[in-house]
Amino acid sequence: MLPYRIIARKREGQSLRPEEIEAFVGGTTDGSWSDAQLASFLMAAAIRGLDGEETRILTEAMLESGERWDLAAERPLVCDKHSTGGVGDKVSLVFAPWIACLGSPVAMLTGRGLGHTGGTADKLEAIPGLSLDLDRERCLELLDSEGIAIGVATEEIAPADRELYALRHETATIESLPLITGSILSKKLATGAGALVLDVKTGPGAFLTELEEARRLARLMVDTADGLGFPTAARVTDMSQPLGEWVGHSAEVLEALRALEGEGPEDLVAVTEALIREILRLQGREIEDEELAGPLLSGQARERFLAWAGEQGAEEEWLRNPELELAPEEVVLEAEHSGFLASVDCRQIGLLLVEAGGGRSKEGDSIDVGVSMQYRTRLGEELEPGEELARLYLRRRDENLIEGFRSCFELSPEPVDPPDLLYDPVRPESEIDDDA
């Protein structure tokens, strides 16, 4: 199992044997492979590709490199959800209490934001006192008390991925679909939920901008997880414009709370509902529309969120009055001429918010959770001069930054059809064959 031979075989485009892939992952965690060898393997895999079986073996080896919780063995209906990341994507904050109210407890190990998309962990940490430190025992306690457990991955979960993720950034191999699959699933499957749903974003604000590429990733992840015995489905969803009305950590928490009492924007609620329906289908459960909407219309989902937040340390004062401050400098962006909103540079909006302090460009950066943008229009909408496009909340006024935000909105003299929000679900091939 010499690293040189394994790297050379993949460089030549050969399929690797299971023991060769396992040697690579083992070398990552025990230090027997140098960074140069690991980087060479990643580059060879990114250029030559890994087939479905190689991807499954890689994912399983990365999964086995650390601790596994196997939550479904004790809580069979426990579920999980993952998003590939988007601008204004606060779906997890709505998904968890909503589906918990429907009788499916949810355990999620979330990530932090880096680049143009915000991380769920960072958004939740805008709540004063909230702690995202979890171990298996604490997770089970929270599932029993509130049906929700949300935290950040421990160092014991998928340690191989932690080493490889940094190298993938340094070697420009982030975009490899098999490597993405191994990275995401090795962490998500480690908790051992009984059902997993994936929200794979596509469009200008997504990591994968092309629809077919997003579909390929969704198919690869679903089939890989299914091959490892984890019931999984995916929805490909649009990220051509911010999801919901708000982007920014504090603002997104507040918008999620409004959605949880039936006052959320249509697109946010629609994406969350589609993901919930996929989980319920995986669990063999059927639900009427009225029952599905019940937790939002009654406000029960909002109360569940607050009860959970209290269990994970949120301050009593905030729970009594769950408000969060936005940055004080308010700037209105207006349409300079009439037309139809044709495009929104979602990625650039995310990067500008990072530049304004509302995100991090590298690990360890602090975040100003009050820096936000309120999105006041939608793609395809007809606008007159002076109508509002967006409203910024900045810590200090910066004309260059403001002009950068303004340039993210493009109007057309001709009507524009907005893209679809939801695409067809991606389900295991084995299930499709059974249905046929």
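Predicted model: local features only at pLDDT ≥ 70, side-chain atom pairs only at ≥ 80, totals over all residues.
**View 1. Overall fold of the protein.** The chain folds into 18 helices and twelve strands. Computed along its principal axes in the model, the C-alpha trace covers about 65 × 45 × 45 Å. A compact globule of 436 residues would have a radius of gyration near 22 Å, and the protein agrees with this because its own value is 22 Å.

**View 2. Packing and surface.** If you look inside, 56% of the 436 residues count as buried. Among contacts with a separation of 6 or more, 80% come from residues 24 or more positions apart.

**View 3. Charges across the protein.** Here you can look for 42 positive and 85 negative charges.

View 4. D70 is not a glycine, yet its phi is positive, at about 50°. Its relative accessibility is 45%, so D70 counts as partly exposed, since that class lies between 20% and 50%.

**View 5. Close-up of A158.** Look for A158 in the loop between β3 (148-152) and α8 (159-171). A158 has a phi near 45°, again a positive value in a residue other than glycine. With a relative accessible area of 2%, A158 is buried, because the cut-off for buried is under 20%.

How values were computed: Residues numbered from 1 in each chain as written. Heavy atoms only, no water. Helix = DSSP H or I, 4+ residues; strand = E, 2+ residues; numbered from the N terminus. Rg over C-alpha atoms; globule rule 2.2 N^0.38 Å. Buried < 20%, exposed > 50% of the residue type's maximum accessible area, 1.4 Å probe, protein only. Contact = heavy atoms within 4.5 Å. Lys, Arg positive; Asp, Glu negative; His and termini not counted. Charge placed at Lys NZ, Arg CZ, Asp CG, Glu CD.
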